[in-house]
Amino acid sequence: MKNNKVVLYIAMSLDGYIARLDGSVDWLMDVEADGGDGGYGEFYKTVGTVVMGRLTYDEVLLLADEFPYADKPCYVLSRSQQAPAPHVTFTDEALTTLIPRLKLTSEGDVWLVGGGQLVGDFLAANLLDELQITIIPKVLGEGIPLFPQGTVPSTFHLMHIQKIGQMASLMYKTIDN
């Protein structure tokens, strides 16, 4: 049996935001890292399947000339019917059936890319195994929070801390609540 995990790998401002109110992540572009990719390449090698919300998908399309996850199965969760798109499967399947199925069939870990509402939904359904959060040394003042109001109370176990340039990367495992 496969031992794949569901991992949230995401960047967050010091004040807890993952994007500006309009969904923009332009504030991530000028952060002093380690001269490399901040560990992204190593993380991405462990990923077998990518999952994200439709708003996150729309933002990814704005940021990149080519879809950056075209080499992996990618599921975009959307309540509304979407026109077919290359490299992604749009779905409104319940998380409680979709995610366990992906864990079993994926050729690696399942990466929850975002956004904040989905993070809350995954926590409520007890579907996250690990959180890898990189803290960006900026205060945005407002934006889309990583943990929106109404997120279920959750407890995590700190597994690893790493300094990457001016960023701090934190790895947590979830604890059954």
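Residues are numbered from 1 along each chain as its sequence is written, and side-chain values use heavy atoms, with hydrogens and water left out. Because the model is predicted, local features need a pLDDT of at least 70 and side-chain atom pairs count only at pLDDT 80 or more, while totals for chains, interfaces and linings use all residues.

**The sheet**

Begin with the strands, which, like the helices, are DSSP runs numbered from the N terminus (E, at least two residues, for strands; H or I, at least four residues, for helices). Eight strands form an open sheet with mixed pairing, in the order 5-4-3-6-1-7-10-9, where two strands pair if DSSP finds at least two bridges between them. Strand 5 and strand 9 (156–164) are the edge strands, each of which pairs on one side only. Neighbouring strands of this sheet are turned by 25° against each other on average, direction ignored; axes here are lines fitted to C-alpha atoms, for helices over the stretch in contact, and angles run from 0 to 180 degrees between N-to-C directions.

Next, select strand 7 together with strand 10 (residues 167–174): the two run antiparallel and are joined by six bridges. Within this pair, Thr 134 has Ser 169 in strand 10 as its bridge partner.

**Helices across the sheet**

Now show helix 3 (residues 95–105), which lies across strands 1, 3, 4, 5 and 6 and runs at about 170° to strand 4. Helix 4 lies across strands 1, 3, 4, 6 and 9, at about 135° to strand 6. Select the buried residues of helix 4 (residues 116–124), which are Gly 116, Leu 118, Val 119, Gly 120, Phe 122 and Leu 123; buried means under 20% relative accessible area, exposed over 50%, and partly exposed in between, with a 1.4 Å probe and protein chains only. Asn 126, which follows helix 4, has a positive phi near 55°.

**A threonine in strand 5**

Select Thr 91, which lies in strand 5 (residues 89–91) and counts as buried at 14% relative accessibility. Leaving aside residues up to four places away in sequence, Thr 91 touches Tyr 75, Val 76, Leu 77, Ser 78 and Leu 98, where contact means heavy atoms within 4.5 Å. A polar atom of the Thr 91 side chain lies 3.0 Å from the backbone nitrogen of Glu 93.

**Salt bridges**

The structure holds eight salt bridges, a salt bridge being a side-chain nitrogen of Lys or Arg within 4 Å of a carboxyl oxygen of Asp or Glu. Select Asp 109 and Lys 5, whose side chains meet in one of them (3.8 Å, N to O). Asp 109 lies in strand 6 (residues 109–114) and Lys 5 in the segment before strand 1 (6–13), so the pair ties together parts that are 104 residues apart in sequence. Asp 109 is buried at 11% relative accessibility, whereas Lys 5 is partly exposed at 29%.

Then select Asp 30 and Lys 138, which form a salt bridge with their closest N and O atoms 2.3 Å apart. Asp 30, in the loop between strand 2 (17–19) and helix 1 (40–45), and Lys 138, in the loop between strand 7 (130–136) and strand 8 (144–145), are 108 residues apart.

Finish at helix 2 (residues 54–63), where Arg 54 and Asp 58 lie four residues apart, about one turn of the helix, and their side chains meet in a salt bridge (2.3 Å, N to O).

How values were computed. A polar contact is a pair of N or O atoms within 3.5 Å; within protein, one must be able to donate a hydrogen and the other to accept it, and residues adjacent in sequence count only if both atoms are side-chain atoms.
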